[in-house]
Each structure stands twice: as structure tokens, then as C-alpha cells.
Amino acid sequence: MANLSLKHIYKVYPNGTKAVNDFNMEIEDKEFIVFVGPSGCGKSTTLRMIAGLEDISAGELMIGENVVNDMEPKDRDIAMVFQNYALYPHMTVFENIAFGLRLRKMPKDEINRRVTEAAEILGITEYLGKKPKEMSGGQRQRVSLGRAIVREPKVMLLDEPLSNLDAKLRTQMRSEIAKLHAKLKTTFIYVTHDQIEAMTMGTRIVVMKNGFVQQIDTPKNLYNYPGNKFVAGFIGTPQMNFFEGTLLKKGDKVEINFAYSDAKITVPYSMMYKAKPAYLDGKTTVYIGLRAEAVSVNPATVKASKSVIKVRVSHTEELGNQTLLYGDINMDGDGYTESSTRIIIDADGSLEYKPGDIIDAALDIEKVHLFDRETELSILPRLPEYNYLDCAVKDGTLSFLGTQIKLPAAINCPDGKYDLLIPTDAITLKGGDAEINIVSCENVNGKNLISFELGTRTMFAVVPAPVKCGKGKISIDLKKISLLSDGAAVVSEMPSVVRFEGSLMKEKVKEEVTGGSKTKMKKVIKFFLNIGGYKMLCPDAVADKLITAMGVKKAFTDKLIYECGVYDLQFAEEGVEAEAVRIADYGKEKFTVCKAGEDEFFVYGQHDGGNVKLLPDVEKLSIIQADKNIRMI
Ligand code: ADP
């Protein structure tokens, strides 16, 4: 029983393959986590790093309270089950299960108790005296599970344990492993390339691609709220339909035009509040995603729907409980080849579909997914980063949705009409900038997302604790807002971090060492951080992490980038040299704009100007290996 914490975990193999990049996750005790993704995406490597079978290139791995990066596998209190169950053929099932315990010199009685109990849980008691060759594949995999269970590990790691089994047995073992998890009350981490296996077993799923985590979420949320096109396409069978198209805002409606086709539907603008206005210009191509079940050809549904498109029928696929109708929204398309116009529809099996027929299909607009064509990220994220509003500025006063706010001196904006971007984390539920009506509060991946009405609009905010619906007041942190005119920023969000270049250094220094009654001068190695030309003592723990992450040689030669928050720098007698240029007055908070080299940045507090020295809080630094772009701390 243990929780795990993976922070900025990277794996770079000696041949340079970056197998895992910046893996971050907190796993609660007793969770059933599944790593899923296509072959080569880095899931086994991650599992093997947790097991201790593979070195961690950078990052911090904790099991329970301990950092285990350098801990031997045998000391990590984990057990691993592999795809090839690797049983000893000459040993009985009992001996196979007991083998690891015997190696640990566990007393015989205890071994007997554990093996008997495990065999019972797995339903293989009657096979304990038999040899593996007398057993089926499924039974053998149970023996290998038994071998893991008897260790009573804190964490069970399973690497594609079912992929050698036939389809029927796989389904059966799937539910048995889920049952086992419920019984053992241990943290499980399970690797598979099979999304159905992932969806049916995991309490949370980590979807990976090319060494990068794509999304971590519950099966339901992955299905309903995929964060990008890859996750949308990977989860769910048949695969989600992806079309290309454009979105055009017309008053309180948005027209969705499908490319290479005459198909067009209209949705309320309220559905698109989370989307950047730039997507709604009628020119920017986006991916439109619709699952097979979000399209209906049922005549009654079509009749009642306002979002109907034409489909040219190609063929059907009978799956017994489901009829998949293939077609094309381009009347010249063939419906067979995957394309931007091919459509798969979960159809009514009692109806007849003739190839070549042109039929009406109703789209469930509530279930439309939209993705950016370049980044492939959802343009309607579940946890939006910004509220996009129309606003006006006149004589230093900002007006939007019937609300007026006096802009602070730091925001110098000519009179005019703008697009206003208010980050969802810039809104707090106290103060008196505006009165609102809170409509909902939901937990999205551990964050509290509220939606509220202000004037005629629904807006979003991320708040520290859950709140009740109803009337409330908000204030807006104006240093975080942006004002855009034709897509160009007239006022930008104040940067919240400062970056310095530098490196790690070591030096031999003389230090007084007291032993008994004697005090001697002794040479010791001390580590220093060179931060933007300023040398400061580096805590041993920080140096340790950097050396582990970069290797002993590179740690002292590679360029580093230090990042610290604007509140984590102090004007001091010693520190990074810079020039104080001006004051940015945001009302309650005042910042000094400083310049070091070409770079301008903000520092909390006021300074008269001239040369300054800035002392970073070393405990709060984030450190990146510059050329590899690996965040180590
Ligand atoms: P998955 O388990 O998702 O199929 P892996 O974690 O096994 O993927 O591999 C991730 C990537 O790392 C792949 O590109 C693979 O070729 C590479 N890789 C795995 N093991 C090694 C190794 N020992 N040396 C070099 N590259 C490796």
C-alpha cells in the first residue's frame, strides 16, 4: 500500500532515444493506474523506471515517503508481473510461487500461509502440486500473479500481462485482475497497448504517445473530454470521425462548415465560449470530431434535429449488437478510405442501407469535439485557460458585460474596442469588481472550475476550494489580463516568471572541521550555482539532483536555465546584476521592471532605479538543462 509521486521524470537511453519526457503524476494509494498507448510510446520504460530496472535520467520518483531513484529494485517493495510469465518448468506451482520468498529466507510457515492464500485468491489451489506445463496459458499467468501477490508488495506493476492469451481468456482475466485489485487493496500500475483493456480496468488512465503523456484521466473523462485529437482517436471503437472545417461566428450562433462537402450545421455561440475568438473567423481550419454514436440516421431523430447533413452510403459492418454504417459526406467520396469526409455511423440495425443511397444524418451537436489543426489540442478544453470577451477602454476605464473597472497605471491602453482575455486563474471570489451568479462548480482533475453568469455571458474561473452556486462577487487580477486588437496584443499579461542562464560549478574550499577537541582546516567540495553571472551556494540536495539528472561530467559543463517566480526574487546587497528601468503600478501590487542584457522582466516590489542586485530564493528555483530542454527541478 503506497502512493507514488513522479516529478519531471525523463528517460534518455544511452543511444540518445528520449523514451520518456517530463512525466508528472501523483498516484494515490490503492489506485489502479493504466499506462496505455501505441507500441514504443514509453509506457514500459516508465514502468521499468518505477520498478528500478531502468535508471531514471532526470526527475524524482517517490514511493510512499521515500525518494527511490537510487534504491535497488529489491528494496522498493514492489512486485512485477510480465507478459512472458517465465515460470521455472521443473518446479511445481507451489515452488514457483514460493521461490522469491525462499530466496528471502522467509520462515516455512509464513511461506505456506502466503502461498495457500494467494492460490485461493487466484483459484489455483488444486494445481499447487502440478508443473507449469500441465497448465493452460491463463492458469500460468495466474501463477505468475501469485508469485507477485505473495510478496505483499506496496505496488504491483503489470507489464502487458495478458497479451499472450487468446481473446476470450483475456476478457476473463481482465475482470479477475480487477477483482484481485479490489481484494488486495494495493496500488496497481498496469501497462497495455489495448485501449479496451485500459478503459475496462483503470481507475485512471495515462495515455502516452512518443514519450509524452497526452492525458491522465478517468476512463469516462477520456472518452467524453479528450484533450487532444490523438486521445480522441485512440480511445473508443469505432474510432472517432474526424472532419476538417471552419467555424464562423454570426451573432449568438456559430456556423460549422465541413470542408470538401456541402455539409453545414449551426450551433449556439454559448457552446464555444471556451474557444479563442480567432477560431471563429470562418477561415481557420479546425478538426471536427464526432463519434459514431453522435450521428444518427434514425428517421425520427433526423426529423427532430436541426443539425442534419447528407451522407452517401457506402457499406455496413455488422457487429451483432451494433451496425456500423460507412459513408461519405462528400458525394464523390467512396466511404471506404479514411479521409476528412468519410463517416462511420452507429446505425439502426433494423433498417436497410443501400450502397450509393444519399440519406440524412443528424449530428448531436452537444457531442462535437473541435481540435486545432496544428497543435491538435482541443479548442474547447474542459479546464479553459481564458475567458474571451469583447470590451472597450475609455479614459483608462475598462468596460465589459456591464462592468467597469479602472485600469491601474501599469496598463496604458489607448481608447478603443478590444478582445479581452481574462485567465481563469485571475478571477477570485471576493472583492468588488463585479457581481455574479455562480451556476456550477465541478472538480476537473483536482481543480475547482466554476462557471458563472456576468451580464449576458457565462464565464469560467478556477478557484482554490469548492463553492456553492448562487450570488457572489469577484475581483480580477488585472496584471494577468490581455487586450488584443485584430489578434495583436495591445496589453500583455505580466510575465510571472523570470529566466536566467547559468551553470553548476564545484570548488574545493577550505573549511573548519571540528573533531573532538581539535579544529582543523580541511578542503571540502562545495557546489555553486552560477545564476546570470552571480555565484551562490548550492544546497547539496539541489546539486545531487542535478548531478543525478545530467551525469557527473555534463552537470558541470551543460548550460542551465533557472526559472523563478516574480515574488521569489529580492532586491539585496548581493545577487544577479540588473538595471531597474521603471515601476509597473498595478494598484495594490507594485513591481519593478528590470533589465539584464536584452531581457526585461518584472520583480515584486519597488526600486528607485539604477543598478540593482537580485537574490533568487534557491528553494523555489526551477532548473532546466538548456540544450535538452529537460526540467530537472
Ligand atoms: P512501449 O512500452 O510503449 O512499447 P518502450 O518504453 O518499450 O515503449 O520504448 C520507448 C522507446 O524507447 C522506443 O522508441 C524504444 O525503441 C526505445 N527503447 C526501449 N528500450 C531501449 C533501450 N534499451 N535502448 C534504446 N532505446 C530503447
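Let me start with Lys510, which is found in strand β32. Helices (H or I, at least four residues) and strands (E, at least two) are DSSP runs here, numbered from the N terminus. Lys510 counts as exposed because its relative accessibility is 60%. As for the terms, buried means under 20% relative accessible area, exposed means over 50%, and partly exposed is in between, with a 1.4 Å probe and protein chains only.

A word on the source. This is a predicted model, in which local features need pLDDT of at least 70 and side-chain atom pairs count only at pLDDT 80 or more, while totals for chains, interfaces and linings use all residues. Residues are numbered from 1 along each chain as its sequence is written, and side-chain values use heavy atoms, with hydrogens and water left out.

Back to Lys510. Together with Lys506, Lys508 and Lys523, Lys510 forms a patch of positive charge on the surface. Which strand gives the most to the positive patch? Strand β32, residues 497–515, does, with 3 residues. Patches are made of residues with over 30% relative accessible area and no salt bridge, with like charges joined within 9 Å and nonpolar side chains (Val, Leu, Ile, Met, Phe, Trp, Tyr) joined within 5 Å. Lys and Arg count as positive, Asp and Glu as negative, and His and the chain ends are not counted. The place of a charge is NZ of Lys, CZ of Arg, CG of Asp or CD of Glu.

Now the chain as a whole. The chain has 10 helices and 41 strands, and its C-alpha atoms fill a box of roughly 95 × 90 × 45 Å along the principal axes. Of the 633 residues, 48% are buried.

Next, another lysine. Lys229 is in helix α8, residues 229–234. What is the nearest side chain of opposite charge to Lys229, which is buried yet has no salt bridge? That is Glu376, 4.2 Å away. A salt bridge is a side-chain nitrogen of Lys or Arg within 4 Å of a carboxyl oxygen of Asp or Glu. Leaving aside residues up to four places away in sequence, Lys229 touches Phe242, Tyr287, Phe371 and Glu376, where contact means heavy atoms within 4.5 Å.

Glu376 itself sits in the loop between β20 (369–372) and β21 (386–394). At 25% relative accessibility, Glu376 counts as partly exposed. Its phi is positive, near 65 degrees. Most residues other than glycine have a negative phi, and most peptide bonds are trans. Glu152, in the loop between α4 (137–149) and β7 (155–159), also has a positive phi, near 45 degrees. Glu152 is partly exposed because its relative accessibility is 42%.

On the peptide bonds, Thr237 and Pro238 are joined by a cis one, with omega about -10 degrees. Pro238 lies in the loop between α8 and β11 (241–250).

Last, helix α1. Gly52 follows α1, with a positive phi near 95 degrees.

Notes: Areas by Shrake-Rupley, 256 points an atom, 1.4 Å probe, with all protein chains shown as cover.
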